[in-house]
Amino acid sequence: MDGVTSVKILYTAAIASFVYVVYWALTTGKRAPNMPPGPPTLPIIGNMHLMPHNRLHFKFYEWAKEYGDAFSIKVMNQTIIVLNSPTLVREVFDKRAMSNSNRPKSIIANMIVPDGMNMGISRFADDTWKVFRKATNQLLSNEGMKRLAGYQEAEVSQLIWQFANQPDWLAHIKRFTTGFSLGIIYGVRGATLKSPNIADFQSVHPEFMRCLDFGKMPPIDLFPFLTWIPECFAQWKTLVKRIRYLHARLYDRLLKTVEDRLAAGRGNGCFMEEMIVKADMMGLKTRDHLLNLGAVILEGSDTTTANVHVLVLALAKFPEVLKRAQQEIDSIVGPERSPTFSDIPNLKYVNAIIEECNRFHPIAPTGLPHEMVHDEVISGMLFPKDTAVFMNLYFMYRDERYFDCPDEFIPERFLKNPLGVKEGVEDDPARRSNLQFGGGRRICPGMAVARTNIELITAKLIWGFNFLPAIDPITGKEIYPDFSDFTEGILAAPLCTSLRIVPRSAQHKEVIDREFSAAGEILMNYEREIDPVDQAFNSKYRDVL
């Protein structure tokens, strides 16, 4: 090859490289013409400069009002489409479930739980995901929860007793949600937050969730080369490694507890005992499958904590709502016992409060995103492959086309219409009561347990307590709960905890004590490997009532 030819080749390569760079710069961050509309983009960065670092749902709400039932955002090469109507949720997630059954890629999530072993956030709905989903449905179905109703009522009885006798009410909710899940999954429970299994979960799980929150970690998925940085210069790698270790230690210990119980012939019928026995039949091929199956179910328990938190604040902030609900419960249940599952269908206003809490302050306002498996054209709009698709629950529950006074807490709207929609309008035909649980193949399998937990807790709390605002120690004035202050990230849980919660009467307190004592007979079945700290609690409180 002579010198002239070599120069021509180099010149051609340089021109081609320049053209590619120009093309990349002009197209990266640019929205395709047939995609849903959205805010104007800038070259390369797209809408990155407009994306907030937290509380995405407020910005999504603004854009939904401006751009309609769907809008798109570009963050460099990443495309995001946000659905703002139940009809589009049905069209995309439900009718075309196979085309968007993935989750967006998360390198950090896969570093903590590799090989797609976390069903909730695993990227692909592959064979492992299907096995986990089938097993989870077996536990958390309506029929499965009916079988566990006695234990559920017993755990709620302790929660109500702790509300009446110990002031840290938010801690008691956390103990209940984690402890109840430990019981149905592993056949163990914790009577206090100091119980080792509960304490370890409450320590590691919030860190895990923070790693998944938008903007809390380096943008590894946008810039994968960051994974090449040595750990000594990347503190996030040390954090990820620590969370992975704590995860594995906790769930290995819980699984070994079940294995040892079975080996000793002392089984109590919990879910993981059944899965160990049926592992081959269920497709659970390795011990890691069993370990992570239990983990992903337990990790879903924190949503109940946030739901009850919202409820308690609402009962304190809106005393007229509490008064009406207590009148309803008194007329149906009376003061001599607390409500049970059989009372729930008759408590129309109590159920309306639950629905209004879900609408007024959805704890997952944007849900967990799906990812498009391949290109789809839906309602004339292009949904490109690898697009992250969110459902804008916050907007759908505040859409002024369908909801009167959407920023006000009005349970009565659900007495007039089962979906809370205002009179005289034609509702979105795809609206359903369980939108907060997502849609398609990724719809939350824990709907039944979440609903029954919140129904029973709501009824018992309203029956047994008055919820009063805190008192300012300086001015002596009442301080009502503030719903504008909440956690950032996937879950928007309230931060306010300053309240006064007192039993309604000495008779109510006596019933609460008596029912907690009676619950001991059921709870004992889940205390075969009881920790000394839990035994001390039982001896001091439950066993002496």
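This is a predicted model: local features need pLDDT of at least 70, side-chain atom pairs count only at pLDDT 80 or more; totals for chains, interfaces and linings use all residues.

Student: Is Cys444 buried, partly exposed or exposed?

Tutor: A residue is buried under 20% relative accessible area and exposed over 50%, with partly exposed in between. Cys444 has a relative accessibility of 31%, and therefore it counts as partly exposed.

Student: Which residues does Cys444 touch, not counting residues up to four places away in sequence?

Tutor: Residues up to four places away in sequence are set aside in this count.

Student: With which residues is Asp427 in contact, leaving aside its neighbours within four places in sequence?

Tutor: Asp427 is also placed in the loop between H18 and H19. Its C-alpha atom is separated by 8.7 Å from that of Arg401, and the two residues are 26 residues apart along the chain. Leaving aside neighbours within four places in sequence, Asp427 is in contact with Tyr402, Leu419 and Val421.

Student: Let us turn to the strands. How many of the residues of strand E1 are buried?

Tutor: In a regular strand the side chains alternate between the two faces of the sheet. On one side of E1 stand Ala70, Ser72 and Lys74, on the other Phe71, Ile73 and Val75, and both faces are covered. For strand E1 (residues 70–75), the number of buried residues is thus six of six.

Student: Which residue in the turn between E1 and E2 has a positive phi?

Tutor: E1 pairs with strand E2 (residues 78–83) in the antiparallel sense over six bridges, and Ile73 stands opposite Ile80 in E2. The two strands form a hairpin with two residues between them. The turn residue with a positive phi, of about 55°, is Met76.

Student: Which residue of E6 is the bridge partner of Ile80?

Tutor: Strands of a sheet pair through backbone hydrogen bonds, either parallel or antiparallel. E2 and E6 pair in the parallel sense over four bridges, whereas strand E3 (residues 370–371) and E6 pair in the antiparallel sense over two bridges. Glu371 has Ala388 as its bridge partner in E6. For Ile80, the bridge partner in E6 is likewise Ala388.

Student: Which residues of strand E6 point the other way from Ala388 and Phe390?

Tutor: Strand E6 spans residues 388–391, and Ala388 and Phe390 point one way from it. The residues on both sides are buried. Those that point the other way are Val389 and Met391.

Student: Which strands are the edge strands of the open sheet?

Tutor: This open sheet has three strands in the order E8-E7-E9, with antiparallel pairing. Each edge strand pairs on one side only, and these edge strands are strand E8 (478–479) and strand E9 (499–503).

Student: At about what angle to E7 does H14 run?

Tutor: Helix H7 (residues 149–165) packs on the sheet, where it touches E7 and E9, and its direction makes about 45° with that of E7. H14 lies across E7 and E9. The angle at which H14 runs to E7 is about 80°.

Student: How far apart are the end C-alpha atoms of helix H15?

Tutor: Helix H15 (residues 319–332) has 14 residues, and at 1.5 Å a residue it should span 20 Å. The model agrees with this, as the end C-alpha atoms are apart by 20 Å.

Student: What arc do the buried residues of H15 cover around the axis?

Tutor: The buried residues of H15 are Val321, Leu322, Ala325, Gln326, Glu328 and Ile329. They are on the same side of H15, because the arc that they cover around the axis is only 160°.

Student: Which exposed residues does the face of H15 turned away from its buried side carry?

Tutor: The buried residues of H15 pack against helix H14 (302–317), helix H16 (348–360), H19 and strand E7 (465–471). The face turned away from that buried side carries the exposed residues Glu320, Lys323 and Ser331.

Methods:
Residues are numbered from 1 along each chain as its sequence is written. Side-chain values use heavy atoms; hydrogens and water are left out. Buried means under 20% relative accessible area, exposed over 50%, partly exposed in between (1.4 Å probe, protein chains only). Two strands pair if DSSP finds at least two bridges between them. Contact means heavy atoms within 4.5 Å. The expected span of a helix is 1.5 Å times one less than its number of residues. The arc is that of the directions from the helix axis to the C-beta atoms. Axes are lines fitted to C-alpha atoms, for helices over the stretch in contact, and angles run from 0 to 180 degrees between N-to-C directions.
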